[in-house]
Every structure is written in C-alpha cells, then in structure tokens.
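Open the model in your viewer and follow the stops below in order.

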Amino acid sequence: MTDPHSDTRDLDGTDTDQLTLQNPVTRYPAISPPEQHQDEPGLESRTIPRPDIGQHSYRGTGRLAGRRALVTGGDSGIGAAVAIAFAREGADVAITHLPAEDPDAREIVRIITETGRTAIALAGDLTDPQFCAGAAHEAAQLLGGLDIVVNNAGKQVVADSLDALTDEQIEQTFQTNIVAMFRLTRAALTELGPGATIVNTTSIEAYMPSPVLLDYASTKSAINNFTKGLAQQIAADGIRVNAVAPGPIWTPIQPTDGQPKEKLPHFGHNTALGRAGQPTELAPAYVFLASAESSYVTGATIHVNGGMPSP
Ligand code: NAD
Ligand code: MG
C-alpha cells in the first residue's frame, strides 16, 4: 500500500466530482512535495505534484448560467480552479495572468473552451494601473458585460526577518495584493449592475500570521477589511462583496518562495484534516458567493482551510 505521506503522484487525474460523498481526509493524499524552486510567478505545469484544478472532476449544475466573470490570476492554482468551475456552471470567463504564464493561461482557455463557454486571457502586470483598469473594461467589452469579479492574483514571498524584508518587496506585495484590488474593483464597478458579485481572496494568514510572511499576511488582513467596508458602501446598489480565506493549498505560489523550501515536504500536514487542500476544493465557495444563491451574504468571509481554527 502506498504511504499517503510520500505520495507525489499528479493529483489532477481524479474524476470523482465534488458532489459525490467522500471522506475529506482521504479525498486527496497528504502530499509530501519534494523540495523544489521556481522563479516567480511559477508555472502550474512545473509544480510537483501537479495540483488538482478540477479539470477532470468539477461538475457544473447551471448555477452561473449566462454570467460573465473576470478572474485575476486565473492561469493557475485557485484562480484556475475557479475559472474552470465558473465555466462548468455556465459562465463565460476572462482571466488575467502575467506574460510569463502564457503556457498555463492557454491551457485554462483550452479547458474552458472545451466546456462550450467563451474564454479570454488578458496578459499583463496588475501593478500597472493602466492594466488594472484596462482589464476590467476589456473583459466587459469582450464578454458583452460583467457580472462577477474575482480578485485573486497575489504575491507571497517569505522573508526571515523584518530586516531581510526589502522596501522593494514590501511595496510589490502591497501593490499586487491590495493596491491592484482597489484599482481593478474601482474600474469594474463602472461595468457592474444589481446582482453582480465581487469575491476577494484573503487567507488564513489574515488570522494566524506566519512570522516569515509579515508583508503578505498584512495584505490579507487588509483584503478582509476592504471586503467588509466596500460591501457596506455598495450594498444598496445591489452588488455584494465577499471573501474566501484559503488555508494551505498546493499551488505554484508555494514553490516560488511562498514557503521556506525545507517546509514543502510537510505542507498542510498541520491542518485538522492532516493534508494540504487542492485548488478545486476552493471552487464551490467562490461559486456560492458569485451566484444568486448567496443573495443575503455580503461582507462575509468563507474559510476553506482544512479545519484550522479561525474566527
Ligand atoms: P498561483 O501562483 O497559482 O496564483 C497567483 C497568481 O497571481 C499567479 O498565477 C499570477 O497570475 C498572479 N499574479 C501575481 N503577481 C501578479 C502581478 N504583478 N500581476 C498580475 N498577476 C499577478 O497561487 P494561488 O495559491 O492559487 O494564489 C491565488 C490567491 O490565493 C492569492 O491571492 C494567494 O494569496 C491566495 N491564497 C493562497 C493560499 C495557498 O495556500 N495557496 C492560501 C491562502 C490564500
Ligand atoms: Mg500562475
């Protein structure tokens, strides 16, 4: 029998859908990823083992029929899983990605197109104010409108001490995770109408900051605050704003210095379920918050973290 803690097989082969009764402990193995490194932003296709973004398993039930969605960082990891789930639920989807992630983005476009939905990939850097605003308007123009915005792109790089944290990194992390979210959301609001939804990606790090992720964890806390404040500001317009707070999820952000390399083999083992989460396990929370089912939910954060105690 395979030792589940040394299982490094690719995980994207499973075809058991998210609606089938499963034991959450054994739905995925407690992976021990080998120590590995990629330069930022990293590629899903080079991540070992290959994460499960639901391409073979996510089953849609028409919950987002006819919607038009923009997902930042939709080329890999959580954003890719969300983009695929949205398409399977009946939405047309635009994703943003960095130019270096073109191979990953093309693969997501292929998967979405295969489901019969429209897929658009917008390449650019979200720390560029013009790209931020342009992405919102271009997505709306190419999809014929916009109903859903998922702010998901993020930068996470460890630094041992405050002293080791450069001004450049602090600024890049805040530019990517916070300032870009302000700019892109501001532009998107000119395209959104009643019934539209915004979903932001925060983190368990907003509540349990890791000592080596001071800049990143601070931005994740700010994302929660932004979510709650904006939700109140635009509730009367019929637009809801919520967040998802993932725990340890196996994505390219981890081997691109998102974790100390030597910690990768134990990644996620400290959760109550004893394993890392896979990107596709996040998708149903985003679908719920993006759809009309969550009509009385705004300013909320859904925790998808394998049972790490959170407020
Ligand atoms: P990922 O690397 O697959 O996705 C992050 C994406 O952010 C990249 O694909 C890239 O396209 C985008 N990005 C980064 N910098 C950018 C920039 N300057 N301009 C444009 N795009 C940029 O990793 P992921 O884990 O799926 O990350 C998605 C979100 O989930 C992030 O906000 C991350 O903070 C959050 N999150 C991840 C975890 C986890 O354990 N993986 C846990 C909590 C929160
Ligand atoms: Mg990527």
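Start at Asn152, where a polar backbone atom lies 2.7 Å from an oxygen atom of ligand 1; a polar contact is a pair of N or O atoms within 3.5 Å, and within protein one must be able to donate a hydrogen and the other to accept it, with residues adjacent in sequence counting only if both atoms are side-chain atoms. The model is predicted: local features need pLDDT of at least 70 and side-chain atom pairs pLDDT 80 or more, while totals for chains, interfaces and linings use all residues. Residues are numbered from 1 along each chain as its sequence is written, chains are lettered from A and ligands numbered from 1 in the order written, and side-chain values use heavy atoms, without hydrogens and water.

Next, select Tyr216: an N or O atom of its side chain is 2.5 Å from an oxygen atom of ligand 1. At Gly247, a polar backbone atom is 3.2 Å from an oxygen atom of the ligand. Ligand 1 alone exposes 810 Å², of which the protein buries 96% (Shrake-Rupley areas, 1.4 Å probe).

Now select the magnesium ion (ligand 2). Asp75 (OD), Ser76 (OG) and Glu101 (OE) coordinate this ion at 2.1 to 2.2 Å; donors are N, O and S atoms within 2.8 Å of the metal (3.2 Å for Na, K and Ca), and water is not among the atoms, so the site may look incomplete. Ser76 lies in the loop between β1 (68-72) and α1 (77-88), and Glu101 in the loop between β2 (92-97) and α2 (102-114), so the pair ties together parts 25 residues apart in sequence (helices are DSSP runs of H or I, at least four residues, and strands runs of E, at least two, numbered from the N terminus).

Finish on Ser76 and Glu101 themselves: both are buried (under 20% relative accessible area; exposed is over 50%, partly exposed in between; 1.4 Å probe, protein chains only).
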